[in-house]
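Q: Could you walk me through how the helices pack in this one, and then through a few individual residues?

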Amino acid sequence: MQKQDEASVENSILLPMLKRAISFLSDDLGVAVISHSQEITSPNKIELRKNTAMIGTGGSVQVLITMGYDDVLLEKLMKAFLEGEEVDEEEIDEVRESVSSEVINTIVGNALVNPIDGTALSITPPILIYEAKSLFKNKSSRIAAATISTEFGDMLLTVVGPKESFVNALNFKEL
Amino acid sequence: MLNILIVDDSLIIRKNMYKYLLNLGHNVAGEAKTGVQAVAECKKLKPDLITMDITMPDMDGITAVKKIREFDKNVTIIMVTSHGQEDMVASALKAGAKGYILKPVNEEKVAKSIANIFPQYKIETDDDELLDD
């Protein structure tokens with residue numbers, strides 16, 4: 001039963017996000033994904049990247065989604081978003097943060113539908129996580145994670161939520 | 001030339017939208033980062049068109065559309081959104097928005113979206129299929 005629940009979480013939340021992230025990186029931003037070396041795990045602890053953005057979903061499936069980027073990858077994403085335009089030195093941190101937020105916003109917004117009824121999941125505005133080094137699972141929560149390797153470094157995707165709410169909700173749908 | 005208000009909490013989206021709109025020959029009358037600012041700027045600037053993000057702090061884009069429609073029935077509002085937010089787009093259209101642009105945003109999508117509402121600004125492109133996204 002536990003295995004099935006984990007598969008539900010991964011199939012309904014993590015895998016669509018992973019698929020959309022790969023296509024967004026390669027097709028829209030020109031960042032080649034080296035391989036599908038993503039590792040889907042359900043760890044007790046996640047080491048967060050220095051550059052991490054987070055979004056929450058609302059409605060019947062309430063989870064937190066984080067997306068962390070290696071430094072070089074985030075710089076590359078910023079350049080892709082800027083489309084060759086130069087940015088003033090005093091503006092560069094804010095641009096970097098907005099790119100970090102916009103990447104997660106676009107990927108999550110385009111990837112997730114409610115696994116119960118197929119409707120859209122509402123999402124919160126992205127927030128940036130500073131200074132946090134890791135996420136720990138407690139017994140009432142779950143973490144599912146995947147890593148995408150690109151030529152410019154890794155992107156770490158995690159889905160975190162209260163175990164009961166997203167396992168119970170996801171159990172309404174046959175996968 | 002349209003006078004346009006850009007509403008988005010993301011700096012990079014505002015910067016890119018600004019560039020696209022100037023390239024398309026329009027005037028950017030102003031920018032707003034939240035729905036609350038959008039309502040205030042709309043009252044002040046009286047734009048012809050607003051590009052409106054949906055998910056924003058303070059006040060979301062749908063609520064902002066409703067607030068704007070309370071005092072301005074004419075301004076054209078185009079939502080900027082994602083595939084997964086169709087329900088919210090439907091709510092925004094019901095509230096008075098006229099169209100939407102799906103993220104990731106690029107100049108061609110913006111041009112097509114404007115031309116759908118203002119046919120006089122239609123721009124010939126080599127790839128109409130792309131604009132149908």
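Predicted model: local features only at pLDDT ≥ 70, side-chain atom pairs only at ≥ 80, totals over all residues.

Q: At what angle do H1 and H5 of chain B cross?
A: The axes of H1(B), residues 11-23, and H5(B), residues 107-117, cross at roughly 60° and come within 10 Å. That makes H1(B) oblique to H5(B), given that angles under 35 degrees count as roughly parallel, over 145 as roughly antiparallel, 65 to 115 as roughly perpendicular and the rest as oblique. Helices (H or I, at least four residues) and strands (E, at least two) are DSSP runs, numbered from the N terminus, while axes are lines fitted to C-alpha atoms, for helices over the stretch in contact, with angles running from 0 to 180 degrees between N-to-C directions.

Q: And which residues of H1(B) and H5(B) meet?
A: From H1(B), B:Met17, B:Tyr20, B:Leu21 and B:Asn23 meet B:Glu107, B:Val110 and B:Ile114 of H5(B), where contact means heavy atoms within 4.5 Å. The residues of this contact divide into five nonpolar, one polar and one charged; Ala, Val, Leu, Ile, Met, Phe, Trp, Tyr, Cys and Pro count as nonpolar, Asp, Glu, Lys and Arg as charged, and the others, Gly among them, as polar.

Q: Over to chain A: how do the axes of H2(A) and H3(A) cross?
A: The axes of H2(A) and H3(A), the latter covering residues 92-111, come within 9 Å and cross at roughly 90°, which makes H2(A) roughly perpendicular to H3(A). By class, their contact has nine nonpolar, one polar and three charged residues.

Q: Back in chain B, which residues of H2 are buried?
A: Within H2(B), residues 35-45, the buried ones are B:Gly35, B:Ala38, B:Val39, B:Glu41 and B:Cys42, where buried means under 20% relative accessible area, exposed over 50% and partly exposed in between (1.4 Å probe, protein chains only). These buried residues pack against strands E1 (3-7), E2 (27-32) and E3 (49-53) and helix H3 (61-71) of chain B.

Q: What sits at the ends of H2(B)?
A: B:Thr34 caps the N-terminal end, with a side-chain oxygen 3.3 Å from the backbone nitrogen of B:Val36, and just after the helix B:Lys46 takes a positive phi of about 45°. B:Lys46 is in the loop between H2 and E3 of chain B and counts as exposed at 62% relative accessibility.

Q: Where is B:Asp58, and what is its phi?
A: B:Asp58 lies in the loop between E3 and H3 of chain B and has a positive phi of about 75° although it is not a glycine. Most residues other than glycine have a negative phi, and most peptide bonds are trans.

Q: Which peptide bond is cis?
A: The bond from B:Lys103 to B:Pro104 is cis, with omega near -5°, and B:Pro104 is found in the loop between strand E5 (99-102) and H5 of chain B.

Q: Last one: is A:Ser149 buried or exposed?
A: A:Ser149, in strand E7 of chain A, is buried, with a relative accessible area of 17%.

How values were computed: Residues numbered from 1 in each chain as written. Chains lettered and ligands numbered in written order. Heavy atoms only, no water. Polar contact = N/O pair within 3.5 Å; in protein donor to acceptor, adjacent residues only side chain to side chain.
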